[in-house]
Amino acid sequence: MRLSRKDEHSITAMLILAQHERSMAPINLTYLSESLGISTSYLEHMFSQLRQYGLVEGLRGIGGGYRLARPASQISIADILCATQALTSEDNSPEMKLTAHNRGLEAEKGWLKLSQMVREFLSEMSLADFAGNKSTNVGKLRADSMSTRINTMFPPHRLPNTLPA
């Protein structure tokens, strides 16, 4: 999984909103545009997707702007990536799993398992966790060594004992 600049900007913008309490004044797009170094029109498009997924709410009028629609602890990084379409429901569909099973390709099964693990990890990490607003089990997830679990899914390649001259 590779995050696009749009995904990174979306997460960063959400982190900025998470730093402000819901009771505080909303953040306007001009401020976000200057903070992130991207155009306001690009942010408008990005925030329309975030709003459609119920992650932010817009307030109109003087002093208007955007704020989180729910507390940061209730918004996962996976929620944001679904809004930006970096994570899709196709990745985890029964059809994809059945296709991999029917084709019998171990690598394909491994990639599906890896995709599922990444999705679960991102679903468990809230925006508050990512922003460092509270201590949670994210450190435990990392200490549980995700890389160790991934390594067991894909056995190491064996190199021949002799190299061609």
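Contact is taken here to mean heavy atoms within 4.5 Å. The structure is a predicted model, in which local features need pLDDT of at least 70 and side-chain atom pairs count only at pLDDT 80 or more, while totals for chains, interfaces and linings use all residues. Residues are numbered from 1 along each chain as its sequence is written, and side-chain values use heavy atoms, with hydrogens and water left out.

Glutamine 49 lies in helix 3, which spans residues 40-52, helices being DSSP runs (H or I, at least four residues) numbered from the N terminus. With a relative accessibility of 11%, glutamine 49 counts as buried (under 20% relative accessible area, with exposed over 50% and partly exposed in between, for a 1.4 Å probe and protein chains only). When residues up to four places away in sequence are not counted, glutamine 49 touches Lys6, Ala83, Thr84 and Gln85. Its side chain makes a polar contact of 2.9 Å with the side chain of lysine 6, a polar contact being a pair of N or O atoms within 3.5 Å of which, within protein, one must be able to donate a hydrogen and the other to accept it, and residues adjacent in sequence count only if both atoms are side-chain atoms.

The axes of helix 1 and helix 3 come within 11 Å and cross at roughly 75 degrees (axes are lines fitted to C-alpha atoms, for helices over the stretch in contact, and angles run from 0 to 180 degrees between N-to-C directions). Helix 1 is therefore roughly perpendicular to helix 3, a term that covers 65 to 115 degrees. Residues making this contact include Lys6 of helix 1 and Gln49 of helix 3.

Definitions and conventions:
Helices (H or I, at least four residues) and strands (E, at least two) are DSSP runs, numbered from the N terminus. Angles under 35 degrees count as roughly parallel, over 145 as roughly antiparallel, 65 to 115 as roughly perpendicular and the rest as oblique.
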